[in-house]
Structures are given as structure tokens and as C-alpha cells.
Amino acid sequence: MAQVTVVCPHCSSTGTFNHGLGSATGSFSAQCKHCHKSFRVYLRQGQLYEVKLH
Ligand SMILES: [Zn+2]
């Protein structure tokens, strides 16, 4: 499992999320641990690329 640290687009709190993408390019759905809203995290070669609201 790889991890990425993302700032929530809803409440701006920082969270660390596990994902199964490794160093691949792709996206996964994450739920903020603070406000419990969900958003989509896009990775490029395992690095954070973009965070979008659903
Ligand atoms: Zn949040």
C-alpha cells in the first residue's frame, strides 16, 4: 500500500490516505477523516496530481 497526503477540498484539513495504485497513474476515491465528505484524488506515476470534488 502506498500513501499520499492530500488537502481536503471541502474543509482544507490535511489527511493521509492509503491507496493501491503504487507508482501508477490513476485515481481513487477518498473520504476526509475530518468532515467525512468524499473527493477524488488523481495521481501521476504515484505522485499527487490533482484533487477534484465529486
Ligand atoms: Zn474535509
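Predicted model: local features only at pLDDT ≥ 70, side-chain atom pairs only at ≥ 80, totals over all residues.
## Three-stranded sheet

Strands E3, E4 and E5 form an open sheet in that order, and their pairing is antiparallel. Strand E3 (26-31) and strand E5 (47-53) are the edge strands; each has a single partner strand, so one side of each has no neighbour in the sheet. On average, neighbouring strands of this sheet are turned by 30° against each other, direction ignored.

E3 is joined to strand E4 (residues 38-44) by six bridges, and the two run antiparallel. Ala-30 has Phe-39 of E4 opposite.

## E1-E2 hairpin

Strand E1 (residues 2-7) and strand E2 (residues 14-19) run antiparallel and are joined by six bridges. Opposite Val-7 stands Thr-14 in E2. The two strands, E1 and E2, make up a hairpin with six residues between them. Within the turn, Ser-12 has a positive phi of about 65°.

## Positive phi in the loops of the sheet

The loop between E3 and E4 contains His-36. The phi of His-36 is near 65°, a positive value in a residue other than glycine.

Gln-45 lies in the loop between E4 and E5. Gln-45 is not a glycine, yet has a positive phi of about 50°. Gln-45 also counts as exposed, because it has 11 C-beta neighbours inside 10 Å.

Key: Residues numbered from 1 in each chain as written. Pairing = 2+ DSSP bridges. Helix = DSSP H or I, 4+ residues; strand = E, 2+ residues; numbered from the N terminus. Axes fitted to C-alpha atoms, helices over the stretch in contact; angles between N-to-C directions. Buried ≥ 20, exposed ≤ 12 C-beta atoms within 10 Å, placed from the backbone.
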